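Please look over the model below. The notes after it cover side-chain contacts, surface features and annotated spans.

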Amino acid sequence: MQDHGHSKAEIAKRISGEGQGSHLRDMIYGGIDGAVTTFAIVAGVQGAGLSPTIIIALGIANVLADGFSMAAGNYSGTKADLDDRNRLSATEHRHIKDYPEGEREELRQILELKGLSGTLLEDATDAIASDSNKWVDIMLTDEYGLSPTPPAPMAAAIATFLAFLVAGIVPLLPFLLGLSDPFLIATCATALVFFTIGTGKSRWSLAPWWRSGLETLAIGSTAAAIAYVVGTMFHA
């Protein structure tokens with residue numbers, strides 16, 4: 001794991017929240033779902049013994065339609081989080097105006113829980129309470145448990161869709177390119193996608209890269225196997 005920098009400029013950038021809007025979760029979610037659902041179609045149709053043309057048609061429809069659906073759903077969910085954050089922010093601004101002493105006591109107790117006491121506690125409370133925006137930011141984080149960085153609905157949607165598109169097209173490529181034994185190649189390529197996603201996300205965890213890769217591979221392979229077995233039930 002790479003340590004972050006400790007120069008004054010790097011610390012200021014990190015503390016300010018600049019560049020912290022990570023969409024790792026969105027990309028992993030979109031990538032795994034794209035590979036799983038598209039390969040599920042490939043495996044299901046292959047198991048049913050149907051034409052490769054059907055695999056291509058259904059696969060492309062899934063990549064575009066389901067990818068957009070996931071992106072739209074993620075946008076709506078993230079937008080709901082942002083709307084709720086804005087609602088709470090407006091509520092806190094109103095409370096500061098209508099109940100300043102009560103809100104100041106809330107701020108004071110929050111700072112006290114962080115280890116401040118005595119004159120330092122009172123001075124810090126006064127300093128923060130002099131700026132209503134910073135005051136509300138602390139209330140959102142410490143009273144409501146929200147992230148210091150507001151969510152970005154459009155960026156989350158785009159990250160989800162692009163990851164879904166890139167990972168979801170992989171199982172279709174052997175059929176689109178007319179390769180021999182396309183299902184075997186699609187199976188191996190999709191397994192590689194699962195493993196790559198897992199090893200990639202290990203960069204942000206304490207788990208070894210190989211363990212994270214195998215875990216994601218196992219999840220994706222299980223979903224693909226279920227789809228193939230269901231497909232064989234309808235084999236002509």
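This is a predicted model: local features need pLDDT of at least 70, side-chain atom pairs count only at pLDDT 80 or more; totals for chains, interfaces and linings use all residues.

Residues are numbered from 1 along each chain as its sequence is written, and side-chain values use heavy atoms, with hydrogens and water left out.

**Aromatic contacts**

The structure holds two aromatic pairs. Rings of Phe, Tyr and Trp (its six-membered ring) pair if their centres lie within 6.5 Å; planes under 30 degrees apart count as stacked, over 60 as edge-to-face, and the rest as tilted. Phe39 and Phe183 are stacked, because their ring centres are 5.9 Å apart and their planes stand at 15°. Phe39 sits in helix 2 (residues 24–47) and Phe183 in helix 9 (residues 182–201), so the contact ties together parts that are 144 residues apart in sequence. Helices here (H or I, at least four residues) and strands (E, at least two) are DSSP runs, numbered from the N terminus. Both Phe39 and Phe183 are buried. Buried means under 20% relative accessible area, exposed over 50%, and partly exposed in between (1.4 Å probe, protein chains only).

Phe195 and Trp209 form an edge-to-face pair, because their ring centres are 6.1 Å apart and their planes stand at 80°. Phe195 belongs to helix 9 and Trp209 to helix 10 (residues 209–232), so this pair links parts that are 14 residues apart in sequence. Phe195 is partly exposed, at 23% relative accessible area. Trp209 is exposed, at 52%.

A charge also meets a ring. Arg25 lies over the face of Tyr29, 5.8 Å from the ring centre. The criterion is NZ of Lys or CZ of Arg within 6 Å of the ring centre and within 35 degrees of the ring normal.

**Salt bridges**

How many salt bridges does a search of the whole structure find? The search finds nine. Each is a side-chain nitrogen of Lys or Arg within 4 Å of a carboxyl oxygen of Asp or Glu. Three of them are listed here.

| Salt bridge | N to O distance |
|---|---|
| Lys79 – Asp83 | 3.0 Å |
| Arg104 – Glu122 | 3.8 Å |
| Lys114 – Asp142 | 2.9 Å |

Lys79 and Asp83 both lie in helix 3, four residues apart, about one turn of the helix. Lys79 is partly exposed at 30% relative accessibility, and Asp83 is partly exposed at 35%.

Arg104 lies in helix 4 (residues 100–113) and Glu122 in helix 5 (residues 118–129), so their bridge ties together parts that are 18 residues apart in sequence. Glu122 is partly exposed, at 27%. Lys114 lies in the loop between helix 4 and helix 5, and Asp142 in helix 6 (residues 132–142), so that bridge ties together parts that are 28 residues apart in sequence. Asp142 is partly exposed, at 36%. Shared partners join Arg104, Arg108, Glu112, Glu122 and Asp126 into one salt-bridge network.

**Nonpolar surface and annotated spans**

Ile60, Leu64, Leu173, Leu176, Leu177, Leu179 and Ile185 make a nonpolar surface patch of about 580 Å². Patches are made of residues with over 30% relative accessible area and no salt bridge: like charges are joined within 9 Å, nonpolar side chains (Val, Leu, Ile, Met, Phe, Trp, Tyr) within 5 Å. Areas come from the Shrake-Rupley method with a 1.4 Å probe; for residues, only the protein chains shown count as cover. Helix 3 (52–98) and helix 8 (173–176) are the elements that give two or more residues to the patch. Leu177 is in the loop between helix 8 and helix 9. Leu177 is exposed, at 60% relative accessible area.

An unreviewed UniProt entry places the feature "transmembrane region" at residues 154–177, 183–200 and 212–234. UniProt positions are given in the numbering used here, feature names are shortened, and annotations may be inferred rather than shown by experiment. Residues 154–177 are 83% helix and 0% strand, with end C-alpha atoms 33 Å apart. Residues 212–234 are 91% helix and 0% strand, with end C-alpha atoms 35 Å apart.

**Backbone**

Most residues other than glycine have a negative phi. Asp181 is not a glycine, yet has a positive phi of about 50°. Asp181 is in the loop between helix 8 and helix 9. Asp181 is partly exposed, at 47% relative accessible area.
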